[in-house]
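Thanks for coming. I will go through one structure this morning, starting with a helix and ending with a loop. Please look at the model on the screen.

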Amino acid sequence: MKHRIVERQAFQVIGVNREFPYEVEDGGITAFQNFWNTIHENGTFHQLEQLRSGETKGLLGIWAEVNKDENKMDYYVAVEYSGGVPVGLKSIDFPASKWVVFEVQGPFPSSLASTWERIYSEWFPSTGYVPNEVKPFEVYIETDPKNLNAYNEIWVAIK
């Protein structure tokens, strides 16, 4: 797996969120698609793209709060941004951290799912690093499902 280690100062992201079932089967994938369709249709996607600034190169997918026992997770579509939070958007602050950034090359979104699995089953056990408590996120750079060689990233804070 191609990856790089980066150290980042604290940064802020802004975006919109929705609660989803933790278990994405049984309609969860459709709910994610509907959320993305909504932010495209109502202009939020374009607004976020216009506001994006900072080191990350695309829109971010962040599982901000996960509660397996209650089968729910709070998912954000966000961008890195510095400044006041525009009306209708929420912010998440990330502390200064060391990150491993995995390069994900392949069909969107299935290549992201297979990379997540390999991160925890192969990369962490073989490196001596462990995940930090900071929320990991996906960076969506190329999201055309017809592009079999799309490039995206997964950022995981490490210690």
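By buried I mean under 20% relative accessible area, with exposed over 50% and partly exposed in between, using a 1.4 Å probe and protein chains only. Helices (H or I, at least four residues) and strands (E, at least two) are DSSP runs, numbered from the N terminus.

This is a predicted model, where local features need pLDDT of at least 70 and side-chain atom pairs count only at pLDDT 80 or more, while totals for chains, interfaces and linings use all residues. Residues are numbered from 1 along each chain as its sequence is written, and side-chain values use heavy atoms, with hydrogens and water left out.

Start with α2. Which residues of α2 are buried? They are Thr-44, Phe-45 and Leu-48. These sit on the same side of α2, because they cover an arc of only 100° around the axis, the arc being that of the directions from the helix axis to the C-beta atoms.

Next, β7. Two strands pair if DSSP finds at least two bridges between them. β7 pairs with β3 in the antiparallel sense over 4 bridges, and Leu-59 stands opposite Tyr-140. β7 also pairs antiparallel with β8, residues 151-158, over 3 bridges; there Glu-138 has Ile-154 as its bridge partner.

Now the largest pocket. A pocket is an open set of points on a 1 Å grid over the protein atoms alone, where a 1.4 Å probe fits, with protein on both sides within 12 Å along at least five of seven lines; lining residues have an atom within 4 Å of a point. The lining of the largest pocket has 33 residues, and Phe-32, Trp-63, Tyr-75, Glu-138 and Tyr-140 lie nearest its centre. Among the elements that give two or more residues to this lining are α1, α2 and β7.

Tyr-75 and Ile-154 come up again in the largest nonpolar core, where they are among the residues with the most contacts. Such a core is a set of buried Ala, Val, Leu, Ile, Met, Phe, Trp, Tyr and Cys residues joined through side-chain atoms within 4.5 Å.

Last, the loops. Between β6 and α3 lies Pro-109, joined to Phe-108 by a cis peptide bond with omega about 0°. Asn-71, in the loop between β3 and β4, has phi near 55°, a positive value in a residue other than glycine.
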